[in-house]
Amino acid sequence: MSVLLEVKNLKKYFKTKRGSLHAVDGIDFKINKGETLGLVGESGCGKSTTGRVVLKLIEATDGEVFFEGKDVLKFNKKETSNFRENAQFVFQDPFASLNPRMSVSEIIAEPLIINKKCANKQELIKRVRELMDIVGLASALENVYPHELDGGRRQRIGIARALALNPQFIVQDEPVSALDVSIQAQILNLMEDLQKEMGLTYLFISHDLGVIKHMSNNIAVMYLGKIVEMSDYKTMFSDPQHPYTKALLSAIPIPDPGLKRERIILEGDVPSPINPPPGCRFYGRCFARKDECKDIDPELTEIYPGKFVACHLCKKNG
């Protein structure tokens, strides 16, 4: 399967009064066409910033983002405009991301009008209704405003708008975290169906491991600006290697009350991402740390085929 998106040594630093905030600090990953990479981690670890930098919504500090073999970060204005037709974003808050002064049909039509995708008004109306039907929005909602709808329908509007220009790649930034559980399932199933029907490729960002497991082919675990573990979803859950991944998985609720899992409670606080110290970012909270972890930052290494871990405790097989 061919690679659609490849990220190399991507960095995003923000200047603050206290120093440089390392939001994303040298990460690498690939996403194959038609597949989903789940990016998971605690709030503030840099997941959403990664998605925004990949789509050039904010400028990267360093690194490379290859889309179909071309470096997005070096695109000029016209190339960036063409790229954004192929790469879209679904935001976390389905209310804040929609213009409250525009109706459902106007919101969905906006990218079509801006990019001059319809020859006349009749063609525009037809395309908007087609998109509404694709995401399960009744035609009776055409002239309704976002504040009149529930969270699930609002998020369907956001998805319809993202699909308007027939993209190949969509960044999903916690798209169901603001929704009720029953509505979450509907939206996740919709996104799965759309992926199969249209051959879409997703970067799916979430802090919910259950959602990530359901949606992803491969999973990358992020901690304080760095990817600490990456593999296919089955291996991630059956053979977690990094202490942080083990702690995350131990916190997943088990639906069977007869089964018990040893919960790993992390002690200490998450260190500041502003001018972080040398060594492993997880050192202060790690239950298995060694002396070398304090001073030497571990590299993301393939310890066996398909399993990448950034930890001094995990040695490469062979």
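Author: Helices here are DSSP runs of H or I with at least four residues, and strands are E runs of at least two. The model is a predicted one.

Reader: How many helices and strands does the chain come to?

Author: Both kinds of element occur in this predicted chain. Counted by those runs, the secondary structure comes to 10 helices and 12 strands.

Reader: Which radius of gyration does the chain have, and why does it agree with a compact globule?

Author: The C-alpha atoms fill a box of roughly 70 × 55 × 45 Å along the principal axes. For 318 residues, a compact globule would have a radius of gyration near 20 Å, so the chain's value agrees. That value is 21 Å.

Reader: What percentage of the residues is buried?

Author: Buried means under 20% relative accessible area. The accessible surface of the chain is about 16,100 Å², and carbon and sulfur atoms hold 49% of that surface. Of the 318 residues, the buried part is 47%.

Reader: Among contacts between residues at least 6 apart in sequence, what share joins residues at least 24 apart?

Author: Contact means heavy atoms within 4.5 Å. Take the contacts between residues at least 6 apart, then keep those that join residues at least 24 apart. The share is 64%.

Reader: Where does the lining of the largest pocket come from?

Author: The largest pocket has a volume of about 390 Å³. Its lining has 16 residues, and Arg84, Ala87, Gln88, Pro111 and Leu165 lie nearest the centre. By class, the lining splits into nine nonpolar, three polar and four charged residues. The elements that each supply at least two residues are helix 2 (77-86), strand 6 (87-90), helix 3 (104-114) and helix 5 (151-163).

Reader: And which elements give two or more residues to the second largest pocket?

Author: The second largest pocket holds about 250 Å³, and its lining divides into six nonpolar, three polar and four charged residues. Of the 13 lining residues, Asp28, Phe29, Lys30, Met230 and Phe308 lie nearest its centre. The elements are strand 1 (3-16), strand 2 (19-32) and strand 10.

Reader: How many charged residues does the lining of the second largest cavity have?

Author: About 60 Å³ lies in the second largest cavity. Among its lining residues are His242, Pro243, Cys286, Cys293, Cys311 and His312. The classes are eight nonpolar, two polar and, for charged, one.

Reader: Why is helix 9 largely enclosed, and which elements do its buried residues pack against?

Author: Helix 9 (residues 243-250) has eight residues, and seven of them are buried, so the rest of the structure largely encloses the helix. The buried ones are Pro243, Tyr244, Thr245, Ala247, Leu248, Leu249 and Ser250. Pro243 also lines the second largest cavity. The packing partners are helix 7 (209-215), strand 9 (218-223), strand 10 and helix 8 (233-238).

Conventions. Residues are numbered from 1 along each chain as its sequence is written. This is a predicted model: local features need pLDDT of at least 70, side-chain atom pairs count only at pLDDT 80 or more; totals for chains, interfaces and linings use all residues. Side-chain values use heavy atoms; hydrogens and water are left out. On a 1 Å grid over the protein atoms alone, a cavity is a set of points where a 1.4 Å probe fits but cannot get out, and a pocket is an open set with protein on both sides within 12 Å along at least five of seven lines; lining residues have an atom within 4 Å of a point. Grid points are joined across faces, edges and corners, and a volume is the space filled by probe spheres set on the points. Ala, Val, Leu, Ile, Met, Phe, Trp, Tyr, Cys and Pro count as nonpolar, Asp, Glu, Lys and Arg as charged, and the others, Gly among them, as polar. The radius of gyration is taken over C-alpha atoms; the globule rule is 2.2 Å times the number of residues to the power 0.38. Buried means under 20% relative accessible area, exposed over 50%, partly exposed in between (1.4 Å probe, protein chains only). Accessible areas come from the Shrake-Rupley method with a 1.4 Å probe; for residues, only the protein chains shown count as cover.
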